[in-house]
Every structure is written in structure tokens, then in C-alpha cells.
Amino acid sequence: MTSDEQPERVQSPVQRLFLLARLLRARPHTVAELAAATGQTLAVTARDLRELETLEPELRVLPGPPQRYVIGTPELDDAARLTLLRGLDALAARGSEPAASLAPLRAALADALPAHVRAALPRPHVTARPAASDLALNAVTQAWLACRPIRFQEWQPGVRRAARLHPLRIEAHPVSGDLLVVGRDPEHAGEVRTYRLSRMLHVTPEAGTFTPDLLDPGQTPALPVTPLPTQAADSVTVTLRFMGEAAFRVLEGGHACLGEPSINPDGSVDAPLLVPHDAGGVPRSVLPWLLSWGPQVQVLGPDGVRAAWQRLTREAAEVAAQTPTRFMQHGAA
């Protein structure tokens with residue numbers, strides 16, 4: 001006798017539907033798991049699921065294989081909440097996401113934890129008023145969720161330009177971590193445009209909605225200064241050597257742009273960095289980040305990137321050695 005031919009456990013149809021609903025609210029299940037948990041055959045369980053779909057609007061089918069069924073959103077356990085909190089704190093610490101935007105989600109995760117764990121969590125920095133980037137992110141997110149166009153002013157050094165956008169994606173720059181808003185420009189035949197969130201001022205959702213379309217990852221256009229890698233052919237792997245305190249910082253992690261590090265006999269650490277080409281073939285987007293490590297990093301290759309890094313460090317050293325001119329302040333006698 002196969003499992004499909006086993007006699008059903010004596011339960012009324014209503015009892016079976018209530019039992020299925022209780023199981024599916026706890027976590028996703030496959031049909032086989034539900035059959036085993038309820039003691040019914042696969043055929044009866046599948047029939048009950050079809051009946052439950054007509055009664056429970058929140059019943060969802062998760063893609064497989066195998067397909068799984070769930071009602072609502074499964075509750076996170078405490079370990080998952082702690083993992084998410086660590087991720088949120090890492091985003092806020094590196095400036096990848098405005099802290100005020102993370103505060104409500106962080107509080108919701110922390111409030112469900114035991115008291116002794118909440119007492120040990122680091123205290124997030126709280127500001128009296130939200131920053132402009134927080135307000136912009138909130139407006140862009142709400143417009144994205146509701147499929148509403150946005151209008152804003154794009155700030156560039158010395159100029160502001162009015163712009164409109166149908167937001168279709170929010171992502172982080174792979175090197176700098178800056179938040180980017182990708183969408184279609186309704187003023188220019190729906191061209192795909194990318195804007196830095198930090199340069200979007202006075203973001204305002206407009207009336208009406210648009211029909212969203214899925215953007216292919218390769219449709220992300222290059223920014224004027226920091227282009228995004230879209231394919232492996234458009235990127236270059238830079239080999240870096242970290243020394244001193246920088247070596248420990250790299251081994252501790254927290255630098256998602258770096259590949260797997262290797263430790264040298266002298267204690268230094270080598271790590272690959274995947275960065276995009278710019279129009280001239282040298283990834284200018286990564287050079288300021290390299291300078292931020294000071295004398296604790298070396299560029300091993302490729303030769304073009306190493307030469308650009310050497311030239312930039314020499315120019316920085318020359319400027320640092322100069323005595324700056326002291327200009328009289330306006331209004332001084």
C-alpha cells in the first residue's frame with residue numbers, strides 16, 4: 001500500500017483546514033510535509049490546500065522545487081533578529097544608509113529580544129532632526145512602492161538641475177557604498193538613469209502612477225564619476241597589500257568589496273578588489289578609497305592602476321608639503 005493509499009485519519013474537513021492553516025502560519029511547508037504532519041494522504045492534502053486557497057487570502061505559494069505554502073510572513077526567531085541588527089549597524093557605521101531611516105526597523109527588531117540582550121546592544125546615534133538624505137530616501141522609497149513618479153533637484157558642484165524619474169531600483173555602489181536610485185526618465189523617452197541619493201534634493205512624489213517594468217542588471221548606466229560594473233568584462237581586479245593595522249581590519253571583515261584575503265609570511269595581507277573601468281580604463285572611483293588607507297596599503301597590480309595610484313599619492317604629498325597661502329577674510333580690516 002503506497003502513502004497515497006493509506007487510510008485517512010478520522011478528521012472532519014473543517015478540522016483539517018484549521019490544522020493546515022495553523023501549520024502554514026508557523027512556517028512554510030511542502031505538500032509532503034503537511035501530509036506527514038496531519039496524517040493525511042498527499043491527494044487529500046492537495047485537495048484541502050486548494051480549498052484553503054479560496055478561504056485564506058494570505059496563502060502564498062513559494063517557488064521551488066519543491067513548492068512550499070505559507071500564510072502571511074513567518075515570524076523571525078531571536079537569532080535572525082540579531083543577525084539583521086548586526087547588518088543594520090554595519091550599514092549605519094559605514095554610512096551606506098541614513099541612520100534615521102534604519103531606526104524604526106532597528107527598534108522593532110530589538111524590542112522583541114530578551115531584556116538582557118537589549119541591554120547589551122550598542123546605542124545608535126540619534127539626531128534631533130532627520131538629515132536631508134533620510135528625507136530623500138523616505139520619499140523615494142514611498143514613490144517606488146506606490147509606482148509614483150518623483151521630481152527633484154540634482155545637485156552637482158556649482159549647479160542644480162531639475163529632474164523627474166520613475167524609480168525602479170535602489171541599490172548600493174559596489175565600492176563606495178553610496179545609495180543609488182535607478183529608474184526611467186519620462187522626459188527623455190524613458191531612458192535609464194542613475195542618481196546618487198545624496199545629490200537628490202527636495203524629492204517630491206507626483207500625482208498619478210506609472211507601470212513598472214523590470215530592469216535588466218546590465219541596464220544600470222555609468223555615473224559621471226563612479227561608474228558601476230555591469231559585467232565581468234567591464235571590471236578589473238586590483239590586487240592590494242595591506243600592512244600594519246590595516247591588515248587586521250581587513251582580516252576582521254566588514255569590507256564587502258574585497259575578496260578572500262591571504263596572509264603573507266611577513267604578516268601583511270593581500271586581497272583582490274573588483275572595480276569598474278572608467279572611460280579611460282583606470283578605475284578612478286577606487287583611488288580616493290585607496291588614499292584613505294594612507295601608508296598601510298600598496299597596489300600590486302595591474303600596472304595601469306598602480307601607476308595611477310603612485311601618481312596620485314605623489315601629487316598629494318607635493319600639495320601636503322606646500323605652505324598654503326593665507327588669504328584675508330572678507331570684512332577684515
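The accessible surface of the protein chain comes to about 20,300 Å², and 57% of it belongs to carbon and sulfur atoms. Accessible areas come from the Shrake-Rupley method with a 1.4 Å probe; for residues, only the protein chains shown count as cover. This is a predicted model: local features need pLDDT of at least 70, side-chain atom pairs count only at pLDDT 80 or more, and totals for chains, interfaces and linings use all residues. Residues are numbered from 1 along each chain as its sequence is written, and side-chain values use heavy atoms, with hydrogens and water left out.

**Overall make-up**

The protein chain has 10 helices and 11 strands. Helices (H or I, at least four residues) and strands (E, at least two) are DSSP runs, numbered from the N terminus. Of its 333 residues, 34% count as buried. Buried means under 20% relative accessible area, exposed over 50%, and partly exposed in between (1.4 Å probe, protein chains only). Take the contacts between residues at least 6 apart in sequence: 57% join residues at least 24 apart. A contact means heavy atoms within 4.5 Å.

A cis peptide bond joins Gly 301 and Pro 302, with omega about 0°. Pro 302 lies in the loop between strand E11 (297-301) and H10. Helix H10 covers residues 303-321. At 1.5 Å a residue, its 19 residues should span 27 Å, and the end C-alpha atoms are 27 Å apart, which agrees. The expected span is 1.5 Å times one less than the number of residues. Val 305, Ala 308 and Trp 309 are buried in H10. Seen down the axis, the buried residues of H10 fall within an arc of 100°, so they line one face of the helix. The arc is that of the directions from the helix axis to the C-beta atoms. The face turned away from the buried side carries exposed Asp 303, Arg 314, Glu 318 and Ala 321.

**The E1-E2 hairpin**

Strands E1 (residues 59-62) and E2 (residues 68-71) pair in the antiparallel sense over 4 bridges. Two strands pair if DSSP finds at least two bridges between them. A hairpin of 5 residues joins E1 to E2. Arg 60 stands opposite Val 70 in E2.
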